[in-house]
Amino acid sequence: MADRVHPRDDSPPQTTEFKPPPAAVHYPVSPRKPDAPRSEKPVPPPPGTYVIQIPKDQVYRVPPPENAKRHERLTRRKPSRSPCCCCLCWLLALLTAFIFLVGVAAAVFYFVFRPELPGYSVERLSISGFNLTSSRRVSPEFDVTVRANNPNDKIGIYYRRGSSVDVFYDSVKLATGSLPIFYQGTNNVTVFVTPLKGSAVELTSGDRTAMIDETSKGQVPFKLALRAPVKIKVGSVETWEITVKIDCDLTVDNLTATAEIGSKKCDYGVDLW
């Protein structure tokens, strides 16, 4: 059997030799020049493009895509109002409309009918039943002559049931009565006599003495209070019931049927409700 022969390696053995690194070479460095100042002039856009300048207050912000739907929903939503606020607004609107309509109706009524207040006056006061020399109670009687004037051309007056006419001396009621029930037409003057009666009226000694003294002077003071419920007729329409009020301070020269009114001062008023 032949032996295996290996080839001979005739290459010289490798030796490891340390070589120092090459020395660094220093080149002369020239001083660096400062950068040239940048030009403040804006760089022109590339060819084929345009720059549009818009004022800052006219730039509108666009919401991002993820919030676009929410933004659209919120902008479309109507502002909600509380029920109380809506009711109050409706109430104020109705009240304003009502006041406006009433004002228009009152203006039309005034310019069409030209209403005037009726006039009243006490023309005469006839007295009986006074005996001031006796301490007994008195039962005085008065006949009051009243003049009522309706100066309206298109308005009539109904004098209704429930009126009252009272005569006072100081704070003592002496007699009471009522007005007749009648209708007073347009441009009409009505004079009527209203009888007033008192029963068992007690006068103090001071009142008797004062009335005797005032009779001697011809100035006996009385107070007359008249209340008359009436209805106003305008065409074929009648109003609700209104109360006419007359308060008079007057004096007479004596306490007889021929008494004359010396002075009188009357106040007039109306209760609409």
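Predicted model: local features only at pLDDT ≥ 70, side-chain atom pairs only at ≥ 80, totals over all residues.
Me: Nice. How many aromatic pairs does the structure hold?

Reply: There are seven aromatic pairs in the structure.

Me: How do you describe a pair like that, in general?

Reply: You give the distance of the ring centres and the angle of the planes.

Me: OK, then what sort of pair do F142 and F222 make?

Reply: Their planes sit at 80° with the centres 5.6 Å apart, so F142 and F222 form an edge-to-face pair. The pair also links distant parts of the chain, as F142 is in strand β2 (residues 141–150) and F222 in strand β8 (residues 220–234), 80 residues apart.

Me: And is F142 buried or exposed?

Reply: F142 counts as buried, because its relative accessibility is 0%. F222 is buried too, with a relative accessible area of 2%.

Me: What about Y169 and F222, how are those rings arranged?

Reply: The centres of Y169 and F222 are 6.2 Å apart and the planes are at 65°, so that pair is edge-to-face. Since Y169 lies in strand β4 (residues 164–169) and F222 in strand β8, the pair ties together parts that are 53 residues apart in sequence. Y169 and F222 are both buried.

Me: Switching topic: what does the secondary structure of the chain come to?

Reply: Three helices and ten strands. Along the sequence, the pattern reads α-α-β-β-β-β-β-β-β-α-β-β-β.

Me: Tell me about that last helix. Which residues in α3 are buried?

Reply: D207, R208, M211 and E214 are buried in α3. Looking down the helix axis, the buried residues of α3 fall within an arc of 135°, so they line one face. Exposed on the other side of α3 are S205, T209, S216 and K217.

Me: What covers the buried residues of α3?

Reply: The cover includes β4, β5 (172–177) and β8. β4 is the strand that holds Y169, and β8 holds F222.

Me: How many residues does α3 have, and what follows it?

Reply: Helix α3 (residues 205–217) has 13 residues and spans 19 Å from first C-alpha to last, close to the 18 Å expected. After α3 comes G218, with a positive phi near 75°.

Me: Last one, on the whole chain: what share of its residues count as buried?

Reply: 24% of the 273 residues count as buried. The chain exposes about 21,800 Å², and carbon and sulfur atoms supply 58% of that. As for contacts with a separation of 6 or more, 65% come from residues 24 or more positions apart.

Definitions and conventions
Residues numbered from 1 in each chain as written. Heavy atoms only, no water. Phe/Tyr/Trp six-rings, centres within 6.5 Å; stacked < 30°, edge-to-face > 60°. Helix = DSSP H or I, 4+ residues; strand = E, 2+ residues; numbered from the N terminus. Buried < 20%, exposed > 50% of the residue type's maximum accessible area, 1.4 Å probe, protein only. Contact = heavy atoms within 4.5 Å. Areas by Shrake-Rupley, 256 points an atom, 1.4 Å probe, with all protein chains shown as cover. Expected span 1.5 Å × (residues − 1). Arc of directions from axis to C-beta.
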